[in-house]
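Here is a short note to read with the structure open beside you. Take the points one at a time and find each residue as you go.

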Amino acid sequence: NDVPNVAISDRPTTSNTNPPTGGKRICLNNESYAYGGDMTQTCKWIRYKEERRLLLCKEAEVSNNCPLSCGQCCEDDDTYTFLMNSQVVGCDSLSNAAVADESCEKWKNGRTVRDGCPRSCNFCFVSKLSSAGSSLM
């Protein structure tokens, strides 16, 4: 059954970040989500411009589908791998700051490394969308 797990609460919902039956928290944008049905307006598109992100992430549909872009959570994608020095590696290979600085902006395995490894690349957004300060953690 592909019905999303939704909890009713006074607090902002983080239904995409609830632990699945295995107990591990999921912090991924819905790759098939398209704002307003426009396939070019993905979670990445929402995240690309700060003014747009701040506006759209106030909408429950957007924040539920784009928790990473909206700053509800920030975790590396455990399934994301890429080639580095002819070896298949994951986000844990970016623990060295110099390696991360060199790698995070590169396009690898269908997306930028920072998109697959936001925590390791220090590409996380703060969850308080009304703050006037910097949007990056």
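1. Start with the kind of model. This is a predicted model. Keep that in mind when you look at any distance or angle.

2. Next, the count and the pairing. The structure holds six disulfides. Number the bonded cysteines along the chain, and the pattern reads 1-6, 2-4, 3-5, 7-12, 8-10, 9-11.

3. Look at cysteine 57 and cysteine 70. A disulfide joins them, with an S to S distance of 2.0 Å. The torsion about their S-S bond is about -80°, so this disulfide is left-handed. Cysteine 57 sits in the loop between helix H2 (50-56) and helix H3 (60-65). Cysteine 70 sits in the loop between H3 and strand E1 (82-84). The pair therefore ties together parts that are 13 residues apart in sequence. Cysteine 57 and cysteine 70 are both buried.

4. Now find cysteine 74 and cysteine 124. They are joined by a disulfide, S to S 1.6 Å. Here the S-S torsion is about -55°, so the link is left-handed. Cysteine 74 lies in the loop between H3 and E1, and cysteine 124 lies in the segment after helix H5 (113-116), so the bond ties together parts that are 50 residues apart in sequence. Are these two cysteines buried or exposed? Buried means under 20% relative accessible area. Cysteine 74 has 4% relative accessibility, so it counts as buried. Cysteine 124 has 5%, so it counts as buried too.

5. Turn to cysteine 104 and cysteine 121. Their sulfur atoms are 1.9 Å apart, and they form a disulfide. The value about the S-S bond is -85°, and the link is left-handed. Cysteine 104 lies in the loop between helix H4 (97-103) and strand E3 (107-108), while cysteine 121 is in the segment after H5, so the pair ties together parts that are 17 residues apart in sequence. Cysteine 104 and cysteine 121 are buried.

6. What surrounds cysteine 104? Setting aside neighbours within four places in sequence, cysteine 104 is in contact with Leu94, Thr112, Val113, Arg114 and Cys121.

7. Finish with the cores. In soluble globular proteins, nonpolar side chains tend to be buried together. The largest nonpolar core here has eleven residues. Its members include Tyr80, Phe82, Met84, Leu94 and Val113, along with Cys104 and Cys121.

Definitions and conventions: Residues numbered from 1 in each chain as written. Predicted model: local features only at pLDDT ≥ 70, side-chain atom pairs only at ≥ 80, totals over all residues. Heavy atoms only, no water. Disulfide = S-S within 2.5 Å. Helix = DSSP H or I, 4+ residues; strand = E, 2+ residues; numbered from the N terminus. Buried < 20%, exposed > 50% of the residue type's maximum accessible area, 1.4 Å probe, protein only. Core = buried A, V, L, I, M, F, W, Y, C linked by side-chain atoms within 4.5 Å. Contact = heavy atoms within 4.5 Å.
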